[in-house]
Amino acid sequence: MEKKDFEAICHQKVCSPDHSLSASIIPAASEHIRRHNKVKLPVIWLETSDSGDNNIAFMNTTYPYLHQVFTDMINLLFSNTFMAAQGADALALLFGSAKKYKGSFTLVVEGAIPTQNDGIYNVVARTKKRAITALEAVTTLGGMAEYVVAIGTCASFGGASSAAPNLTGSVGVSKVLNREVINVSGCPVNPDWFVGTLAHLLMYGKPELDSLGRPTLFYGATVHRHCQRRSYFDNKDYAEKLGDIECMFSLGCAGPKTSADCPYRQWTNHVSWPVKVNTPCIGCTNQDFPDGSTPFFVPLPQKDKSTQTGAIADSAAKGDTYEPKKNPV
């Protein structure tokens with residue numbers, strides 16, 4: 001499959017009644033491996049400071065089933081969630097795999113990285129001699145990987161883990177690595193965004209990224225641009241309360257500044273997404289989420305992070321800057 005055909009599938013399949021994007025990608029990836037005598041994409045998946053929502057969202061995909069991604073497309077070398085090994089055996093597998101596949105594996109990080117007090121607020125492993133923090137593990141493995149993928153908003157930008165007052169000094173992966181990180185943000189991530197990114201890495205290398213390091217295939221337009229209620233917004237016809245059919249900009253919808261294809265890709269077999277069930281978009285893919293989206297039911301012009309959430313004014317202390325103000329809608 002040529003790259004232009006792959007990109008066409010990513011755009012065409014978003015309105016399918018199921019996760020047919022992944023269904024199209026898996027055979028293409030398998031054929032690519034066979035035709036080019038390549039191996040599956042080696043992946044080390046490390047979970048740090050997060051809620052575990054991204055791997056759960058990933059597991060909830062109905063087609064392809066989880067095992068198909070693992071057996072036909074990626075070689076999962078290590079995962080806190082998906083592996084059976086524990087303790088010293090798991091740790092030996094982690095660093096042994098990193099050494100064996102140095103320069104060729106993809107590091108997937110799920111969760112923010114605490115940096116205060118040398119990162120002690122998130123310990124991913126313990127040896128007989130010392131604790132290994134997420135900060136140490138990510139910086140070590142990040143320097144050995146061919147690609148680094150931050151899955152979810154916590155890993156991408158700090159997310160809920162870095163919300164004010166951020167006592168642990170949590171930040172996104174790119175803040176602790178002196179290298180490019182591919183951010184697949186979302187709280188949680190849509191399975192298509194993640195599977196599509198991994199498939200692109202396997203077959204074509206790094207995808208085209210936006211200014212925040214996210215694949216433009218999935219984050220190229222705002223929620224507002226393709227929202228089913230856009231006509232109400234254009235006519236200044238706003239909802240007065242939750243449950244009204246009009247535009248929910250008046251109720252705090254963050255769609256105008258949020259880049260994602262949720263309106264037409266939707267979730268769980270193309271069943272639904274927040275606006276479809278009368279809930280405003282809360283901007284979960286944004287760099288300033290959640291502080292920049294709160295209070296959730298206050299209109300965007302009134303969302304003042306520094307005065308309404310008690311957030312730390314210094315962006316360096318928070319760990320991240322705001323989403324660009326000028327985002328095409």
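Tutor: In this predicted model, Cys284 is located in the loop between α12 and α13. Cys284 is buried, since its relative accessible area is 17% and residues under 20% are counted as buried. Leaving out residues up to four places away in sequence, Cys284 touches Thr153, Gly186, Cys187 and Phe289.

The UniProt record, an unreviewed entry, gives the annotation "binding site" to Cys284 together with Cys262 and Cys281. These three residues span 23 residues in sequence, yet no two of their C-alpha atoms are more than 11.0 Å apart, so they gather at one spot.

Cys281 is likewise placed in the loop between α12 and α13, where α13 comprises residues 305-308. With a relative accessibility of 10%, Cys281 counts as buried. When neighbours within four places in sequence are set aside, the contacts of Cys281 are Val223, Gly252, Cys253, Ala254, Gly255, Thr258 and Val275.

One of these contacts, Cys253, belongs to another annotated set: the unreviewed UniProt entry also places the feature "binding site" at His224, Cys227, Cys247 and Cys253. This set spans 30 residues in sequence, but no two of its C-alpha atoms are more than 11.0 Å apart, so these residues too gather at one spot. His224, Cys227, Cys247 and Cys253 are also included in the lining of the largest cavity.

Two members of this set may be examined individually. Cys227 occupies the loop between α10 (223-226) and α11 (230-234). Its relative accessible area is 15%, and Cys227 is therefore buried, the limit being under 20%. Not counting residues up to four places away in sequence, Cys227 touches Pro263, Trp273 and Val275. Val275 is also in the list of contacts of Cys281, so that residue touches a cysteine from each annotated set, given that contact means heavy atoms within 4.5 Å.

Cys247, by comparison, is found in the loop between α11 and α12 (262-265). Cys247 is buried, with a relative accessible area of 9%. Its contacts, apart from neighbours within four places in sequence, are Arg229, Tyr232, Phe233, Asp237, Tyr238 and Ala239.

Terms used:
Residues numbered from 1 in each chain as written. Predicted model: local features only at pLDDT ≥ 70, side-chain atom pairs only at ≥ 80, totals over all residues. Heavy atoms only, no water. UniProt positions renumbered as here; feature names shortened; annotations may be inferred. 1 Å grid on protein atoms, 1.4 Å probe; cavity = no way out; pocket = protein on both sides within 12 Å on 5 of 7 lines; lining within 4 Å. Helix = DSSP H or I, 4+ residues; strand = E, 2+ residues; numbered from the N terminus. Buried < 20%, exposed > 50% of the residue type's maximum accessible area, 1.4 Å probe, protein only.
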